[in-house]
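My notes follow in the order I looked things up.

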Protein chains: 2
Amino acid sequence: MRNFTYQNRTEMIFGKDVENNVGQKLKGLAKKVLIHYGGGSVVASGLLDRIKESLNQAGVAYVELGGVKPNPKIGLVREGVALCREESVDFILAVGGGSVIDSAKAIGIGFYHEGDVWDYFIQKVSVKETLPVGVVLTIPAAGSESSNGCVITNEENEYKRSAGSKIMRPVFAFLNPELTYTLPPYQTACGIVDMFAHVLERYFTNEKGVNLTDRLCEATLKTIVEQGLAVMANPLDYNARAEIMWAGAIAHNGSLGLGRSEDWGSHMIEHEISGIYDIAHGAGLAIVFPAWMQYVHQHDLGRFVQYAEMVWGIPTEGRDEDAVARAAIEATKRFFKQLGMPISFEDGNLPTDKIEEMAEKTVENGPVGSFIKLDKGDVIRILKIAADLK
Amino acid sequence: MRNFTYQNRTEMIFGKDVENNVGQKLKGLAKKVLIHYGGGSVVASGLLDRIKESLNQAGVAYVELGGVKPNPKIGLVREGVALCREESVDFILAVGGGSVIDSAKAIGIGFYHEGDVWDYFIQKVSVKETLPVGVVLTIPAAGSESSNGCVITNEENEYKRSAGSKIMRPVFAFLNPELTYTLPPYQTACGIVDMFAHVLERYFTNEKGVNLTDRLCEATLKTIVEQGLAVMANPLDYNARAEIMWAGAIAHNGSLGLGRSEDWGSHMIEHEISGIYDIAHGAGLAIVFPAWMQYVHQHDLGRFVQYAEMVWGIPTEGRDEDAVARAAIEATKRFFKQLGMPISFEDGNLPTDKIEEMAEKTVENGPVGSFIKLDKGDVIRILKIAADLK
């Protein structure tokens with residue numbers, strides 16, 4: 001086990017109706033809040049109005065900035081930074097899913113940088129300060145509600161890049177599973193794949209002697225499979241929605257990766273797909289992960305056999321390790337398909353003519369991944385497997 | 001799943017040699033530190049000297065108070081409070097195991113109460129403020145290094161009582177598994193039972209729809225069994241020591257009980273045993289838990305069957321539920337015996353003539369436990385089972 005440091009300051013306020021206390025929570029924390037959101041459902045459902053009412057009742061001043069899109073764009077972040085400065089905002093409240101939270105986090109750090117906020121995402125400057133961010137979560141997926149980073153897309157050059165710092169964890173997050181009842185099935189499914197992938201990135205490690213985190217990863221993966229399918233079958237199942245919402249936070253709060261090397265190769269590859277084609281991140285991950293697994297599984301068959309046994313309950317005794325590993329990859333694909341996700345470019349109706357470009361961008365700062373380090377050739381081969389995987 | 005709020009601010013600094021940075025860590029956080037410890041091994045091993053050297057090098061002033069005993073006593077806490085006031089201490093550094101940390105936490109809250117610090121433990125006053133507490137952990141067991149409470153014994157009346165508040169979580173905790181290499185096997189074993197029991201208290205719940213936390217509990221329990229036996233077999237196995245050390249923190253940082261009712265009946269009963277006989281808390285739990293399980297298992301056979309299957313790998317198909325549950329209780333006893341723990345009063349060489357008094361004290365504020373509420377008669381029957389359990 002490796003040495004590590006872990007601290008997660010985010011206060012998680014979980015359950016029915018909790019978001020009605022957001023005004024009271026902000027009182028004393030903020031003089032003027034930027035309410036940041038996407039549009040559509042947050043407005044139509046009346047949630048945004050309820051949040052504003054809660055702030056009004058608590059006497060907390062606010063300004064608004066909506067319009068966050070999936071794969072949130074640097075352009076809107078720049079607008080947000082300018083608005084926060086003009087309006088002397090001292091707290092950002094993200095009302096939405098991972099895209100909104102990530103956009104809010106980017107505005108929070110951009111506020112303290114005189115140059116362009118994109119500088120953080122190309123490692124030109126590092127994060128030293130941020131406006132505090134709070135969250136009312138509506139989509140369980142990204143885990144951004146208590147994670148220490150964010151991912152932003154530069155719409156000018158189709159780059160999708162991340163920035164992170166321990167000070168970027170939100171101050172609080174309200175998680176009401178009932179707010180997720182009305183998510184379209186596709187979006188629910190993308191979220192389920194996203195959180196599943198967040199655990200996989202930590203599970204596939206070369207580190208030995210990490211049994212506790214292995215078991216915790218497997219516990220979370222199994223629950224995401226079981227409760228994910230339950231949510232798809234019955235969107236109004238409160239407990240299943242609650243389990244998935246909490247799993248999304250656990251999957252990406254960092255606790256499952258402690259003492260281990262983490263991989264993140266698949267995420268890096270996926271970022272180039274959604275950066276170019278603007279598809280949902282979860283759908284992109286469903287396309288990349290099975291291909292990645294197929295490409296790397298012989299590197300550590302034992303770990304894939306463990307994955308097969310502990311997550312999928314595949315019998316292993318007396319069986320060929322490669323066959324067991326392949327069965328686990330099949331089970332993973334089957335799960336994604338059951339969720340209605342694409343598992344190939346073909347499935348997702350994406351062209352494959354930019355594979356070379358995507359691979360080039362993926363490795364432009366050097367090889368990606370850790371379980372196996374992937375160079376450009378590896379990435380091309382993985383994307384080619386992903387092209388028409390069945 | 002129930003509504004919940006969770007925040008764990010403790011910074012966990014884990015791994016080899018980490019404690020050498022404690023002085024640097026305290027710089028800026030503290031003007032004058034109380035170094036609080038037990039004695040014996042912390043002194044003999046040279047750890048205390050290294051800690052002091054680290055503070056000296058960082059230019060952090062300190063005073064010392066040693067002498068904490070297992071089942072830490074209110075008398076020393078009172079001394080600590082007086083010392084902190086005299087010396088204008090503004091930070092307490094606990095160097096030791098759960099007893100030392102609990103004593104430090106009690107001093108921290110006592111500092112802000114004009115009356116007797118015991119008032120917190122009889123609910124005469126509630127915790128509103130505390131001196132910050134930091135930890136260098138030497139015994140993985142109590143989980144106090146990131147928990148929100150403490151347990152103190154009043155040596156005048158043999159009462160053992162707890163106090164808690166979210167502000168009582170330590171600011172930081174240094175966890176170096178190598179510091180636990182030299183623990184006597186009995187103390188290692190007591191710690192293993194203690195952390196195992198912390199998970200059981202959360203696992204045996206009446207709450208439905210808590211699959212994720214169920215799985216996380218089972219993951220932790222399984223790891224404690226596997227790695228606990230590995231540590232007993234090879235005390236110098238770094239990874240096993242590390243897994244047990246981290247499991248102790250996970251078991252009691254509150255995350256495994258979220259959204260659930262927790263039980264704590266067995267702990268309440270045990271407190272009366274160690275309060276009177278001053279035995280190790282872990283040993284007391286090894287005596288109480290199997291008897292508690294035997295007494296309550298028919299309340300929810302399904303949960304005991306799940307415990308049998310998921311933690312102990314006991315085959316369940318086509319078998320009588322009661323038989324499976326009993327097999328799980330047997331497995332639990334066997335584990336405690338393998339660790340060298342007593343599983344009965346007889347085993348522990350304790351008299352049974354105070355069963356009535358212990359039961360009386362256990363329920364003096366009303367029934368205890370939640371899985372089944374236990375009144376005085378229940379507690380007597382459990383203690384009688386524990387008297388000579390085989």
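**Helix pair in chain B.** I started with the crossing: α11(B) passes α12(B) in a left-handed crossing (left-handed if the near helix is turned anticlockwise from the far one by less than a right angle, right-handed if clockwise). Helices here are DSSP runs of H or I with at least four residues, strands are runs of E with at least two, and both are numbered from the N terminus.

I noted the ground rules before going further. This is a predicted model, where local features need pLDDT of at least 70, side-chain atom pairs count only at pLDDT 80 or more, and totals for chains, interfaces and linings use all residues. Residues are numbered from 1 along each chain as its sequence is written, chains are lettered from A and ligands numbered from 1 in the order in which they are written, and side-chain values use heavy atoms, with hydrogens and water left out.

Back to the pair. Helix α11 of chain B covers residues 301–312 and helix α12 of chain B covers residues 321–338; their axes come within 8 Å and cross at roughly 50 degrees. Axes are lines fitted to C-alpha atoms, for helices over the stretch in contact, and angles run from 0 to 180 degrees between N-to-C directions. α11(B) and α12(B) are therefore oblique to each other (under 35 degrees is roughly parallel, over 145 roughly antiparallel, 65 to 115 roughly perpendicular, the rest oblique).

I then listed the contacts, meaning heavy atoms within 4.5 Å. On the α11(B) side I found Phe304(B), Tyr307(B) and Trp312(B) among the residues that meet α12(B). The α12(B) side includes Ala328(B), Ile329(B) and Phe335(B). The residues of this α11(B)–α12(B) contact divide into 12 nonpolar, 2 polar and 2 charged. Ala, Val, Leu, Ile, Met, Phe, Trp, Tyr, Cys and Pro count as nonpolar, Asp, Glu, Lys and Arg as charged, and the others, Gly among them, as polar.

**Helix pair in chain A.** I checked α6 (residues 185–203) against α12 (residues 321–338) in chain A: the axes come within 10 Å and cross at roughly 155 degrees. That makes α6(A) roughly antiparallel to α12(A). Ile192(A), Val193(A) and Phe196(A) in α6(A) meet Thr332(A), Phe335(A) and Phe336(A) in α12(A).

I asked what rotation superposes chain B on chain A. A rotation of 180 degrees with 0.0 Å of shift along its axis does, at RMSD 0.0 Å. That is the relation of a two-fold axis. Of the residues of chain B, Arg9(B) comes closest to the axis, at 2.4 Å (C-alpha). The copies meet through the same surface, because 100% of the interface residues of chain B are also interface residues in chain A.

**Single residues.** Glu270(A) sits in helix α9 (residues 265–277) of chain A. At 0% relative accessibility, Glu270(A) is buried (buried is under 20% relative accessible area, exposed over 50%, partly exposed in between, with a 1.4 Å probe and protein chains only). Beyond four places in sequence, Glu270(A) contacts residues including Lys160(A) and His281(A).

Val117(B) lies in the loop between α5 (98–110) and β5 (133–137) of chain B and is buried at 4% relative accessibility. Tyr112(B) lies in the loop between α5 and β5 of chain B and is partly exposed at 37%.

Note on methods: Copies are superposed by least squares on the C-alpha atoms of residues with pLDDT of at least 70 in both.
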